[in-house]
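Walk me through the packing inside this protein.

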Amino acid sequence: GGETRNYTEGDMALARSKIVGNKNLYKIAVEELGLHKGGLNAALINTHTTFCPPGATSTKEIWLIEMDEKFPSLIEDNKKRGKLAVGSLLHYLNKKDLPNPTEEVLKAARERFLAADNDEKIHGISTREYRVISDKSLSDSVEAIIGTFLYHSGQKNTLQMMSGIGLNCSCPGPSAKDYENALENLNERRPNFVAQPMNFPETQNALVNDRITEGDLKELYARLGVQEIEDKIGYTFNEKSFLLQAFTHSSYTENFATDSYELIEFLGDGILDYIVTCYIFKQNQELAPGKLTDIRSALVCNNMFAGLLVDKGLHGNILYSAPAIRAKIMEYVDSRTRSTAYSQRLEMRKRERGNGAALGGKAQVDKEGLKLINESEPLELTDVEVPKILGDVFEALIGAVYLDCKLDLNTVWQVYQKFNPGIDEIMKDPPRSPKKIVHEIFQDVEFGKLEMRDDKVKIVMTLKHNGKPGKFAGLGNNRRQAEIAACKCALKFYNKRTY
(Lines give C-alpha, C1' and ligand atoms only; values in the text may rest on other atoms or scores of the structure.)
Protein backbone atom coordinates (compact mmCIF):
# COMPACT_ATOMS: atom_id res chain seq x y z
CA GLY A 1 0.00 0.00 0.00
CA GLY A 2 0.96 3.68 -0.34
CA GLU A 3 1.57 3.99 3.41
CA THR A 4 4.71 1.88 3.22
CA ARG A 5 6.51 4.62 1.29
CA ASN A 6 6.97 6.52 4.56
CA TYR A 7 9.42 3.89 5.79
CA THR A 8 13.10 4.83 5.59
CA GLU A 9 15.99 2.44 5.07
CA GLY A 10 16.91 2.89 8.74
CA ASP A 11 13.36 1.96 9.82
CA MET A 12 13.47 -1.18 7.72
CA ALA A 13 16.94 -2.18 8.89
CA LEU A 14 15.81 -1.80 12.52
CA ALA A 15 12.64 -3.81 11.86
CA ARG A 16 14.64 -6.59 10.20
CA SER A 17 17.21 -6.71 13.02
CA LYS A 18 14.42 -7.16 15.57
CA ILE A 19 13.10 -10.17 13.67
CA VAL A 20 16.32 -11.94 12.65
CA GLY A 21 18.39 -10.83 15.67
CA ASN A 22 19.62 -13.30 18.27
CA LYS A 23 17.18 -12.05 20.92
CA ASN A 24 14.11 -12.88 18.83
CA LEU A 25 15.51 -16.21 17.65
CA TYR A 26 16.35 -17.11 21.26
CA LYS A 27 12.71 -16.53 22.25
CA ILE A 28 11.59 -18.79 19.40
CA ALA A 29 14.04 -21.48 20.54
CA VAL A 30 12.69 -21.32 24.11
CA GLU A 31 9.00 -20.40 23.75
CA GLU A 32 8.10 -22.16 20.51
CA LEU A 33 10.57 -25.06 20.22
CA GLY A 34 11.56 -25.70 23.85
CA LEU A 35 15.16 -26.35 22.87
CA HIS A 36 16.40 -25.32 26.33
CA LYS A 37 14.74 -28.40 27.85
CA GLY A 38 17.21 -30.82 26.30
CA GLY A 39 16.70 -30.50 22.58
CA LEU A 40 20.34 -29.57 22.03
CA ASN A 41 23.25 -31.96 22.42
CA ALA A 42 25.60 -29.51 24.13
CA ALA A 43 28.42 -31.88 25.13
CA LEU A 44 30.20 -34.92 23.71
CA ILE A 45 29.03 -38.08 25.42
CA ASN A 46 31.71 -39.35 27.81
CA THR A 47 30.79 -42.26 30.07
CA HIS A 48 33.04 -41.01 32.89
CA THR A 49 32.00 -37.33 32.96
CA THR A 50 28.88 -36.40 30.96
CA PHE A 51 26.74 -39.49 30.24
CA CYS A 52 23.46 -39.61 32.16
CA PRO A 53 21.41 -42.85 31.95
CA PRO A 54 17.74 -42.33 30.99
CA GLY A 55 15.62 -41.50 34.02
CA ALA A 56 18.59 -40.84 36.32
CA THR A 57 18.60 -37.69 38.52
CA SER A 58 21.13 -36.15 40.88
CA THR A 59 20.37 -33.97 43.91
CA LYS A 60 24.07 -33.08 43.99
CA GLU A 61 23.75 -31.30 40.62
CA ILE A 62 20.76 -29.25 41.83
CA TRP A 63 22.92 -28.25 44.83
CA LEU A 64 25.70 -27.13 42.46
CA ILE A 65 23.27 -25.04 40.41
CA GLU A 66 21.98 -23.32 43.55
CA MET A 67 25.56 -22.51 44.61
CA ASP A 68 26.38 -21.23 41.13
CA GLU A 69 23.53 -18.72 41.47
CA LYS A 70 24.97 -17.45 44.78
CA PHE A 71 28.59 -17.34 43.61
CA PRO A 72 28.61 -13.87 41.91
CA SER A 73 27.33 -12.20 45.08
CA LEU A 74 30.55 -13.25 46.84
CA ILE A 75 32.73 -11.22 44.46
CA GLU A 76 32.92 -7.57 45.62
CA ASP A 77 34.87 -6.24 42.59
CA ASN A 78 32.30 -5.23 39.94
CA LYS A 79 34.78 -5.67 37.07
CA LYS A 80 35.73 -9.19 38.15
CA ARG A 81 32.12 -10.09 38.89
CA GLY A 82 31.24 -9.07 35.35
CA LYS A 83 33.49 -11.85 34.01
CA LEU A 84 31.33 -14.54 35.62
CA ALA A 85 28.69 -16.34 33.58
CA VAL A 86 26.21 -19.11 34.27
CA GLY A 87 28.17 -22.20 35.28
CA SER A 88 31.39 -20.34 36.15
CA LEU A 89 31.49 -21.91 39.61
CA LEU A 90 32.12 -25.36 38.11
CA HIS A 91 35.44 -24.17 36.63
CA TYR A 92 36.83 -23.42 40.12
CA LEU A 93 35.92 -26.71 41.82
CA ASN A 94 37.57 -30.10 42.08
CA LYS A 95 35.84 -33.40 42.81
CA LYS A 96 37.40 -33.50 46.28
CA ASP A 97 35.42 -30.32 47.17
CA LEU A 98 32.00 -31.94 46.73
CA PRO A 99 31.69 -33.70 50.13
CA ASN A 100 32.32 -30.38 51.94
CA PRO A 101 29.59 -28.06 53.30
CA THR A 102 28.13 -25.35 51.02
CA GLU A 103 29.92 -22.39 52.63
CA GLU A 104 33.27 -24.17 52.49
CA VAL A 105 32.85 -25.00 48.78
CA LEU A 106 31.89 -21.43 47.90
CA LYS A 107 34.81 -20.02 49.90
CA ALA A 108 37.32 -22.29 48.12
CA ALA A 109 35.90 -21.37 44.69
CA ARG A 110 36.03 -17.64 45.54
CA GLU A 111 39.67 -17.82 46.62
CA ARG A 112 40.66 -19.67 43.45
CA PHE A 113 38.79 -17.20 41.24
CA LEU A 114 40.43 -14.16 42.86
CA ALA A 115 43.97 -15.64 42.96
CA ALA A 116 45.32 -15.07 39.43
CA ASP A 117 48.70 -16.65 40.25
CA ASN A 118 47.27 -19.68 42.05
CA ASP A 119 49.49 -22.72 41.46
CA GLU A 120 46.81 -25.15 42.64
CA LYS A 121 45.58 -27.43 39.86
CA ILE A 122 41.88 -26.85 39.23
CA HIS A 123 40.34 -29.53 37.03
CA GLY A 124 36.77 -28.29 37.17
CA ILE A 125 33.76 -30.57 37.29
CA SER A 126 31.09 -31.57 34.78
CA THR A 127 27.40 -32.19 35.28
CA ARG A 128 25.58 -35.12 33.73
CA GLU A 129 21.93 -34.09 33.91
CA TYR A 130 22.32 -30.34 33.28
CA ARG A 131 24.20 -28.44 30.59
CA VAL A 132 25.22 -24.79 30.30
CA ILE A 133 23.99 -23.55 26.92
CA SER A 134 24.52 -19.93 25.89
CA ASP A 135 21.62 -17.86 24.60
CA LYS A 136 23.46 -17.49 21.31
CA SER A 137 23.76 -21.26 20.93
CA LEU A 138 19.98 -21.49 21.15
CA SER A 139 19.45 -18.74 18.57
CA ASP A 140 22.13 -20.31 16.33
CA SER A 141 20.25 -23.60 16.48
CA VAL A 142 17.12 -21.90 15.08
CA GLU A 143 19.20 -20.57 12.18
CA ALA A 144 20.60 -24.09 11.66
CA ILE A 145 17.10 -25.59 11.59
CA ILE A 146 16.02 -23.06 8.96
CA GLY A 147 19.17 -23.74 6.93
CA THR A 148 18.60 -27.50 7.10
CA PHE A 149 15.00 -27.13 5.89
CA LEU A 150 16.09 -24.83 3.08
CA TYR A 151 18.82 -27.19 1.87
CA HIS A 152 16.73 -30.37 1.98
CA SER A 153 13.16 -29.14 1.42
CA GLY A 154 13.42 -25.98 -0.67
CA GLN A 155 12.28 -22.41 -0.19
CA LYS A 156 8.52 -23.02 -0.19
CA ASN A 157 8.57 -25.68 2.54
CA THR A 158 11.03 -23.65 4.59
CA LEU A 159 8.70 -20.63 4.61
CA GLN A 160 5.88 -22.92 5.72
CA MET A 161 8.00 -24.30 8.58
CA MET A 162 9.05 -20.78 9.60
CA SER A 163 5.40 -19.73 9.77
CA GLY A 164 4.78 -22.58 12.19
CA ILE A 165 7.48 -21.42 14.64
CA GLY A 166 6.51 -17.74 14.64
CA LEU A 167 8.44 -16.39 11.63
CA ASN A 168 5.43 -15.94 9.39
CA CYS A 169 6.63 -14.10 6.26
CA SER A 170 3.34 -14.20 4.37
CA CYS A 171 0.76 -11.47 3.83
CA PRO A 172 -2.99 -12.24 4.07
CA GLY A 173 -4.05 -9.67 1.44
CA PRO A 174 -3.10 -6.68 -0.73
CA SER A 175 -4.33 -3.81 1.46
CA ALA A 176 -2.30 -1.59 3.79
CA LYS A 177 -4.20 -3.09 6.74
CA ASP A 178 -3.21 -6.59 5.65
CA TYR A 179 0.42 -5.46 5.51
CA GLU A 180 0.20 -4.01 9.03
CA ASN A 181 -1.35 -7.26 10.30
CA ALA A 182 1.44 -9.28 8.64
CA LEU A 183 4.11 -7.15 10.36
CA GLU A 184 2.33 -7.46 13.70
CA ASN A 185 2.14 -11.26 13.35
CA LEU A 186 5.84 -11.37 12.56
CA ASN A 187 6.89 -9.11 15.44
CA GLU A 188 4.67 -10.94 17.94
CA ARG A 189 5.96 -14.36 16.78
CA ARG A 190 2.46 -15.68 16.11
CA PRO A 191 2.62 -19.19 14.58
CA ASN A 192 0.50 -19.79 11.51
CA PHE A 193 0.21 -23.35 10.22
CA VAL A 194 -1.00 -22.46 6.75
CA ALA A 195 -1.05 -25.02 3.95
CA GLN A 196 0.38 -22.49 1.51
CA PRO A 197 2.24 -19.31 2.55
CA MET A 198 0.67 -16.27 0.87
CA ASN A 199 2.90 -13.88 -1.07
CA PHE A 200 3.02 -10.14 -0.66
CA PRO A 201 1.42 -8.33 -3.65
CA GLU A 202 3.83 -7.55 -6.48
CA THR A 203 5.06 -3.98 -6.93
CA GLN A 204 3.84 -2.74 -10.32
CA ASN A 205 6.22 0.24 -10.66
CA ALA A 206 8.38 2.68 -8.71
CA LEU A 207 6.36 5.80 -9.54
CA VAL A 208 5.27 8.01 -6.64
CA ASN A 209 3.93 11.04 -8.54
CA ASP A 210 0.57 10.70 -10.28
CA ARG A 211 1.09 13.99 -12.16
CA ILE A 212 4.24 12.86 -13.96
CA THR A 213 3.72 12.68 -17.74
CA GLU A 214 5.02 10.20 -20.30
CA GLY A 215 7.13 13.01 -21.73
CA ASP A 216 8.70 13.68 -18.34
CA LEU A 217 9.52 9.99 -17.92
CA LYS A 218 10.97 9.76 -21.42
CA GLU A 219 13.29 12.67 -20.65
CA LEU A 220 14.41 11.14 -17.34
CA TYR A 221 15.04 7.74 -18.96
CA ALA A 222 17.12 9.42 -21.68
CA ARG A 223 19.13 11.34 -19.08
CA LEU A 224 19.70 8.11 -17.17
CA GLY A 225 20.77 6.17 -20.25
CA VAL A 226 18.38 3.24 -19.84
CA GLN A 227 19.35 1.54 -23.10
CA GLU A 228 23.07 1.80 -22.26
CA ILE A 229 22.56 0.26 -18.82
CA GLU A 230 20.42 -2.58 -20.19
CA ASP A 231 23.03 -3.38 -22.84
CA LYS A 232 25.81 -3.50 -20.26
CA ILE A 233 23.99 -5.72 -17.75
CA GLY A 234 22.35 -7.99 -20.32
CA TYR A 235 18.82 -7.47 -19.01
CA THR A 236 15.92 -5.48 -20.47
CA PHE A 237 13.51 -3.90 -17.99
CA ASN A 238 9.77 -4.25 -18.54
CA GLU A 239 9.16 -1.37 -16.11
CA LYS A 240 11.89 1.26 -16.53
CA SER A 241 10.89 3.20 -13.39
CA PHE A 242 12.55 0.54 -11.20
CA LEU A 243 15.83 1.26 -12.97
CA LEU A 244 15.33 5.01 -12.60
CA GLN A 245 14.86 4.67 -8.84
CA ALA A 246 17.91 2.38 -8.52
CA PHE A 247 20.21 5.04 -10.04
CA THR A 248 18.77 8.13 -8.30
CA HIS A 249 20.71 9.52 -5.34
CA SER A 250 18.88 11.54 -2.68
CA SER A 251 20.80 14.68 -3.72
CA TYR A 252 19.27 14.60 -7.22
CA THR A 253 16.22 16.88 -7.12
CA GLU A 254 15.17 16.71 -10.77
CA ASN A 255 13.58 13.26 -10.51
CA PHE A 256 10.00 13.82 -9.32
CA ALA A 257 8.84 10.45 -10.64
CA THR A 258 10.42 8.04 -8.10
CA ASP A 259 12.01 7.99 -4.69
CA SER A 260 15.81 7.75 -4.34
CA TYR A 261 17.45 4.33 -4.20
CA GLU A 262 17.61 3.77 -0.40
CA LEU A 263 14.61 1.43 -0.02
CA ILE A 264 15.29 -0.59 -3.16
CA GLU A 265 18.94 -0.82 -2.08
CA PHE A 266 17.80 -2.37 1.22
CA LEU A 267 15.92 -5.02 -0.80
CA GLY A 268 18.88 -5.70 -3.10
CA ASP A 269 21.23 -6.05 -0.14
CA GLY A 270 19.12 -8.85 1.33
CA ILE A 271 18.73 -10.62 -2.03
CA LEU A 272 22.46 -10.56 -2.76
CA ASP A 273 23.24 -11.88 0.71
CA TYR A 274 20.77 -14.73 0.20
CA ILE A 275 21.67 -15.89 -3.32
CA VAL A 276 25.44 -15.60 -2.84
CA THR A 277 25.28 -17.42 0.51
CA CYS A 278 23.27 -20.27 -1.06
CA TYR A 279 25.80 -20.57 -3.89
CA ILE A 280 28.82 -20.51 -1.57
CA PHE A 281 27.34 -23.18 0.70
CA LYS A 282 26.36 -25.47 -2.17
CA GLN A 283 29.82 -25.24 -3.77
CA ASN A 284 31.92 -25.47 -0.58
CA GLN A 285 30.23 -27.80 1.90
CA GLU A 286 33.55 -29.35 2.92
CA LEU A 287 34.96 -26.04 4.19
CA ALA A 288 34.95 -24.94 7.83
CA PRO A 289 32.31 -22.35 8.84
CA GLY A 290 35.01 -19.71 9.40
CA LYS A 291 36.30 -20.14 5.85
CA LEU A 292 32.76 -19.88 4.45
CA THR A 293 32.30 -16.65 6.40
CA ASP A 294 35.53 -15.22 4.94
CA ILE A 295 34.35 -16.06 1.42
CA ARG A 296 30.97 -14.47 1.97
CA SER A 297 32.56 -11.37 3.51
CA ALA A 298 34.66 -10.97 0.37
CA LEU A 299 31.75 -11.46 -2.03
CA VAL A 300 28.95 -9.66 -0.18
CA CYS A 301 30.43 -6.28 0.74
CA ASN A 302 30.15 -2.71 -0.48
CA ASN A 303 33.72 -2.68 -1.81
CA MET A 304 33.13 -5.70 -4.06
CA PHE A 305 29.84 -4.24 -5.34
CA ALA A 306 31.47 -0.85 -6.02
CA GLY A 307 34.15 -2.54 -8.10
CA LEU A 308 31.63 -4.57 -10.11
CA LEU A 309 29.63 -1.42 -10.92
CA VAL A 310 32.70 0.53 -12.03
CA ASP A 311 34.07 -2.38 -14.10
CA LYS A 312 30.82 -2.32 -16.11
CA GLY A 313 31.20 1.44 -16.57
CA LEU A 314 27.89 2.21 -14.84
CA HIS A 315 29.18 4.84 -12.41
CA GLY A 316 28.60 7.52 -15.05
CA ASN A 317 24.87 6.76 -15.17
CA ILE A 318 24.18 7.59 -11.51
CA LEU A 319 21.97 10.66 -11.06
CA TYR A 320 23.27 12.91 -8.26
CA SER A 321 23.92 16.59 -7.58
CA ALA A 322 26.82 16.66 -5.13
CA PRO A 323 30.32 17.79 -6.20
CA ALA A 324 31.93 16.03 -3.22
CA ILE A 325 30.44 12.71 -4.31
CA ARG A 326 31.68 13.23 -7.87
CA ALA A 327 35.21 13.97 -6.63
CA LYS A 328 35.28 10.81 -4.51
CA ILE A 329 33.90 8.67 -7.35
CA MET A 330 36.43 9.98 -9.86
CA GLU A 331 39.29 9.48 -7.40
CA TYR A 332 38.23 5.86 -6.83
CA VAL A 333 37.65 5.17 -10.55
CA ASP A 334 41.02 6.66 -11.45
CA SER A 335 42.77 4.55 -8.82
CA ARG A 336 40.97 1.41 -9.94
CA THR A 337 41.54 1.84 -13.67
CA ARG A 338 45.27 2.33 -13.09
CA SER A 339 45.58 -1.06 -11.36
CA THR A 340 47.02 -4.08 -13.19
CA ALA A 341 44.11 -6.28 -12.16
CA TYR A 342 41.67 -3.87 -13.85
CA SER A 343 43.57 -4.00 -17.14
CA GLN A 344 43.55 -7.79 -17.03
CA ARG A 345 39.81 -7.92 -16.28
CA LEU A 346 39.08 -5.44 -19.08
CA GLU A 347 41.11 -7.43 -21.61
CA MET A 348 39.39 -10.64 -20.58
CA ARG A 349 35.93 -9.13 -21.03
CA LYS A 350 36.86 -7.79 -24.47
CA ARG A 351 37.89 -11.28 -25.52
CA GLU A 352 34.66 -12.73 -24.10
CA ARG A 353 32.55 -10.26 -26.08
CA GLY A 354 34.56 -10.95 -29.22
CA ASN A 355 33.98 -14.70 -28.96
CA GLY A 356 30.34 -14.36 -27.96
CA ALA A 357 30.88 -16.54 -24.90
CA ALA A 358 32.92 -16.67 -21.73
CA LEU A 359 36.40 -18.06 -22.23
CA GLY A 360 38.11 -20.56 -19.99
CA GLY A 361 41.03 -19.62 -17.83
CA LYS A 362 41.46 -17.89 -14.50
CA ALA A 363 39.29 -14.85 -13.85
CA GLN A 364 41.04 -11.92 -12.23
CA VAL A 365 40.22 -11.52 -8.55
CA ASP A 366 40.21 -7.97 -7.21
CA LYS A 367 41.69 -8.43 -3.73
CA GLU A 368 43.16 -4.94 -3.64
CA GLY A 369 39.72 -3.33 -3.85
CA LEU A 370 38.52 -5.32 -0.83
CA LYS A 371 41.30 -3.87 1.35
CA LEU A 372 40.17 -0.28 0.81
CA ILE A 373 38.17 1.58 3.44
CA ASN A 374 34.52 2.13 2.58
CA GLU A 375 32.53 5.23 3.46
CA SER A 376 30.44 3.30 6.00
CA GLU A 377 33.44 2.02 8.00
CA PRO A 378 35.57 4.87 9.49
CA LEU A 379 34.60 7.71 11.83
CA GLU A 380 36.63 10.23 9.81
CA LEU A 381 35.56 10.92 6.21
CA THR A 382 39.18 11.67 5.28
CA ASP A 383 39.88 7.92 5.61
CA VAL A 384 37.31 7.00 2.93
CA GLU A 385 38.72 5.30 -0.17
CA VAL A 386 35.55 3.75 -1.66
CA PRO A 387 32.43 5.96 -2.00
CA LYS A 388 29.47 4.08 -0.53
CA ILE A 389 27.15 5.32 -3.31
CA LEU A 390 28.74 2.91 -5.82
CA GLY A 391 28.02 -0.25 -3.84
CA ASP A 392 24.60 1.09 -2.84
CA VAL A 393 23.60 1.61 -6.49
CA PHE A 394 24.71 -1.93 -7.34
CA GLU A 395 22.49 -3.31 -4.55
CA ALA A 396 19.63 -1.09 -5.72
CA LEU A 397 20.08 -2.34 -9.30
CA ILE A 398 19.79 -5.96 -8.12
CA GLY A 399 16.67 -5.00 -6.15
CA ALA A 400 15.24 -3.35 -9.27
CA VAL A 401 15.85 -6.48 -11.37
CA TYR A 402 14.16 -8.60 -8.67
CA LEU A 403 11.02 -6.44 -8.70
CA ASP A 404 10.92 -6.17 -12.49
CA CYS A 405 11.24 -9.92 -13.14
CA LYS A 406 8.37 -10.69 -10.73
CA LEU A 407 10.59 -11.90 -7.89
CA ASP A 408 12.42 -14.56 -9.94
CA LEU A 409 15.70 -15.32 -8.14
CA ASN A 410 17.07 -17.33 -11.08
CA THR A 411 16.90 -14.24 -13.30
CA VAL A 412 18.59 -12.15 -10.59
CA TRP A 413 21.37 -14.73 -10.28
CA GLN A 414 21.99 -14.68 -14.04
CA VAL A 415 22.38 -10.88 -13.95
CA TYR A 416 24.75 -11.10 -10.96
CA GLN A 417 26.91 -13.74 -12.66
CA LYS A 418 27.41 -11.45 -15.66
CA PHE A 419 28.77 -8.84 -13.26
CA ASN A 420 30.98 -11.26 -11.36
CA PRO A 421 32.20 -14.13 -13.56
CA GLY A 422 35.19 -14.60 -11.23
CA ILE A 423 33.10 -15.72 -8.24
CA ASP A 424 34.53 -19.27 -8.31
CA GLU A 425 38.11 -17.96 -8.29
CA ILE A 426 37.37 -15.85 -5.21
CA MET A 427 35.97 -18.93 -3.47
CA LYS A 428 39.14 -20.90 -4.29
CA ASP A 429 41.44 -18.19 -2.93
CA PRO A 430 39.52 -15.75 -0.68
CA PRO A 431 41.34 -12.81 0.92
CA ARG A 432 42.24 -13.31 4.55
CA SER A 433 40.22 -11.59 7.24
CA PRO A 434 41.69 -8.23 8.38
CA LYS A 435 40.93 -9.28 11.95
CA LYS A 436 43.19 -12.34 11.67
CA ILE A 437 46.00 -10.21 10.24
CA VAL A 438 45.70 -7.69 13.08
CA HIS A 439 46.01 -10.45 15.71
CA GLU A 440 49.07 -11.84 13.91
CA ILE A 441 50.92 -8.52 13.50
CA PHE A 442 50.05 -6.54 16.63
CA GLN A 443 50.15 -7.21 20.37
CA ASP A 444 47.52 -6.82 23.12
CA VAL A 445 44.64 -6.45 20.65
CA GLU A 446 41.38 -5.74 22.48
CA PHE A 447 37.93 -4.67 21.32
CA GLY A 448 35.84 -2.41 23.54
CA LYS A 449 32.13 -2.46 24.25
CA LEU A 450 29.51 -1.75 21.62
CA GLU A 451 28.36 1.83 21.21
CA MET A 452 25.51 3.08 19.03
CA ARG A 453 26.20 5.92 16.61
CA ASP A 454 23.01 6.88 14.77
CA ASP A 455 21.90 3.55 13.25
CA LYS A 456 25.42 2.06 13.25
CA VAL A 457 27.43 0.03 15.75
CA LYS A 458 30.75 1.57 16.86
CA ILE A 459 33.70 -0.42 18.21
CA VAL A 460 37.00 0.93 19.53
CA MET A 461 40.04 -1.35 19.18
CA THR A 462 43.25 -0.88 21.16
CA LEU A 463 46.57 -2.53 20.29
CA LYS A 464 50.33 -2.24 20.61
CA HIS A 465 52.77 -1.93 17.72
CA ASN A 466 56.47 -2.18 18.60
CA GLY A 467 55.52 -1.45 22.20
CA LYS A 468 53.58 1.73 21.37
CA PRO A 469 49.80 1.87 21.96
CA GLY A 470 47.30 2.59 19.20
CA LYS A 471 43.54 3.14 19.12
CA PHE A 472 41.22 2.72 16.12
CA ALA A 473 37.44 2.93 15.75
CA GLY A 474 35.19 1.23 13.21
CA LEU A 475 31.53 1.39 12.23
CA GLY A 476 29.25 -1.36 10.95
CA ASN A 477 25.74 -2.78 10.95
CA ASN A 478 26.78 -5.27 13.64
CA ARG A 479 29.69 -6.01 15.96
CA ARG A 480 31.58 -8.15 13.45
CA GLN A 481 31.46 -5.53 10.69
CA ALA A 482 32.55 -2.79 13.10
CA GLU A 483 35.52 -4.88 14.31
CA ILE A 484 36.63 -5.55 10.72
CA ALA A 485 36.30 -1.83 9.92
CA ALA A 486 38.52 -0.92 12.89
CA CYS A 487 41.08 -3.53 11.77
CA LYS A 488 41.13 -2.12 8.21
CA CYS A 489 41.77 1.38 9.60
CA ALA A 490 44.68 0.04 11.69
CA LEU A 491 46.23 -1.87 8.79
CA LYS A 492 46.01 1.21 6.57
CA PHE A 493 47.55 3.47 9.25
CA TYR A 494 50.54 1.16 9.77
CA ASN A 495 50.78 0.32 6.04
CA LYS A 496 50.31 -3.40 6.74
CA ARG A 497 47.65 -4.29 4.16
CA THR A 498 49.16 -7.67 3.29
CA TYR A 499 45.98 -9.79 3.35
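Set aside the neighbours within four places in sequence, and Leu 299 is in contact with Val 276, Ile 280, Met 304, Phe 305, Tyr 416, Asn 420, Ile 423, Ile 426 and Met 427. The model is predicted. Leu 299 also stands out in the largest nonpolar core: together with Phe 247, Leu 299 has the most contacts inside that core of 68 residues. Helix α18, residues 388–404, gives the most to this core, with 11 residues. A second core is separate and has 15 residues, among them Leu 64, Ile 75, Leu 84 and Leu 98.

Now the rings. The structure holds 12 aromatic pairs. One of them joins Tyr 235 and Phe 237. Their ring centres lie 5.0 Å apart and their planes meet at 90°, so this pair is edge-to-face. Tyr 235 is buried, at 11% relative accessible area. Phe 237 is buried too, at 2%.

Phe 394 and Phe 419 also pair edge-to-face, with 4.9 Å from centre to centre and 90° between the planes. Phe 394 belongs to helix α18 and Phe 419 to helix α19 (residues 409–419), so the pair ties together parts 25 residues apart in sequence. Both Phe 394 and Phe 419 are buried.

Lys 435 lies over the face of another ring, that of Phe 447, at 5.2 Å from the ring centre. Elsewhere, ring pairs link Phe 442, Phe 472, Phe 493 and Tyr 494 into a cluster.

Terms used: Residues numbered from 1 in each chain as written. Predicted model: local features only at pLDDT ≥ 70, side-chain atom pairs only at ≥ 80, totals over all residues. Heavy atoms only, no water. Core = buried A, V, L, I, M, F, W, Y, C linked by side-chain atoms within 4.5 Å. Buried < 20%, exposed > 50% of the residue type's maximum accessible area, 1.4 Å probe, protein only. Helix = DSSP H or I, 4+ residues; strand = E, 2+ residues; numbered from the N terminus. Contact = heavy atoms within 4.5 Å. Phe/Tyr/Trp six-rings, centres within 6.5 Å; stacked < 30°, edge-to-face > 60°. Lys NZ or Arg CZ within 6 Å of the ring centre and 35° of its normal.
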